[in-house]
Amino acid sequence: MIIRRFLHWVRSAAASERARGAAALARAYVAARLSPEERREAEAALLSLLDDTSAAVRRAVARELGSELDIPRHLVLALARDQSDVAALVLARSPLLMASDLVDCVEAGDALAQTAVAVRPGLPLAVASALVAVGAPDALVALAENHGAPLPEFLMHRMLDRHAKLPALREALLARPGLPAAVRQRIAVAVAEQLTAFVARRRWLGMERAEGAARESGERTVLTIAATAPDDPSVAALVRQLRQEGRLTPRLLLRGLLSGEERLFAGALAELAEVPPGRVAALAGDERGRGREALLERAGIPVALRPAFLVAWSACRAYSGHRWEEGGPVGLFRPILERVIAACASRGDADGDALTALLRRFEAEIAREEARGTAARLAESAALGALIEADRAVIEGQRSVSRPIAA
């Protein structure tokens, strides 16, 4: 009888009153002890409210029933297909929605509805795939921030294919634990490209110089990513990504050896020469035979650069205990570079001159980095000295005040 009176009342009540009544009816449907007949009438009343012209009424029902399990599934489906500000209350929480329901809502919904789906805990992989395929930028950011959602590497690459220029998406991906090295590399490239374009537009540097600076920064970033990769398969995936992007260059590989980072170089040889990593590891220890040189040839390393690579490879292995500061960038290592310069300086042909010029540029880069470090240490020392002098002046001033005045 009460529910029948409610249905009569809603015909003339104001929208705000209908919304409060709808919320009370939904709570009673879930919590009250209703007879089977009363429950059927309450269900019919709730379904009729879904036709109410006021979204506030439908939102009230969705807010109360959005996370409930013991309610009719068709009621939840109707709410999930309502306008997005109503549907989001159900899409983000309802345990009754199956993966197929969520995929349909993602494909038909707008950014708000898609974002509501993206924040669900335990999101099925099929739904994550649908979001990556058609989701709005805000929904992709929410998905990346949802660490409880499965996000395989191929889906991360697809997200970057669509919205690599979106800073919020890059930041959300970088915050995910265990981010694959290849994905980290793509994010670094996207940032470098945007910074290069910005600097060139501002005319702070010419395009050529800006691109050169970005290339050097990108190479150092790649080496840092490779050095911190958790295992060899991660490095192999990074190498494949670099090759697809056309960034697996002899210059990068030589920089890696000169920085003491052999793992990226070994992975690149396995990829370029199409030989098993174990074979590369075996040849790495054979410094007297022609196995190394044959491997470089098969990998497509230019003839003019092979002597430098051979010397750098040996020097890199000799300094295998060299490690960069934890969490810091990987940079060129002077002892390795000096050995390569000494071995290549005697070459007098044009290719040798070009190689020597490249090595000298690397040498200048090391000098700049060392100068920056020295300048920073000197500045810190000067600041410490000034602080000590200031403390001493304060102490002396206090002593002079505390001395008794002579009679």
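So, one term before anything else: a residue is buried if its relative accessible area is under 20%, exposed if over 50%, and partly exposed in between, using a 1.4 Å probe and protein chains only. By that rule phenylalanine 265 is buried, with a relative accessible area of 1%.

Okay, some ground rules. This is a predicted model, where local features need pLDDT of at least 70, side-chain atom pairs count only at pLDDT 80 or more, and totals for chains, interfaces and linings use all residues. Residues are numbered from 1 along each chain as its sequence is written, and side-chain values use heavy atoms, with hydrogens and water left out.

Now, the rings. A pair of aromatic rings is described by the distance of the centres and the angle of the planes. Rings of Phe, Tyr and Trp (for Trp, the six-membered ring) pair if their centres lie within 6.5 Å; planes under 30 degrees apart are stacked, over 60 edge-to-face, and the rest tilted. How many aromatic pairs does a search of the whole structure find? It turns up 4.

Take phenylalanine 6 and tryptophan 9: their ring centres are 5.8 Å apart and the planes sit at 40 degrees, so this pair is tilted. They are 3 residues apart in helix H1, residues 2–9, so about one helical turn separates them. Helices here, by the way, are DSSP runs of H or I with at least four residues, numbered from the N terminus. Phenylalanine 6 is buried at 13% relative accessibility, while tryptophan 9 is partly exposed at 33%.

Next, phenylalanine 265 and phenylalanine 309 make a stacked pair, 5.7 Å centre to centre with 20 degrees between the planes. That pair links distant parts of the chain, 44 residues apart: phenylalanine 265 is in helix H17 (262–273) and phenylalanine 309 in helix H20 (306–318). Phenylalanine 309 is buried, at 0%. Ring pairs also bring in Trp313, giving a cluster of Phe265, Phe309 and Trp313.

And what lies over the face of tryptophan 313? Arginine 292 does, at 4.6 Å from the ring centre. For a charge to sit over a ring, NZ of Lys or CZ of Arg must be within 6 Å of the ring centre and within 35 degrees of the ring normal. Arginine 39 is placed like that over tyrosine 29, at 4.2 Å.

Last stop, serine 234, in helix H15, residues 232–244. Buried or exposed? Serine 234 is buried, with a relative accessible area of 18%. Leaving aside neighbours within four places in sequence, serine 234 is in contact (heavy atoms within 4.5 Å) with Ala181 and Ala229.

Technical notes
Helix = DSSP H or I, 4+ residues; strand = E, 2+ residues; numbered from the N terminus.
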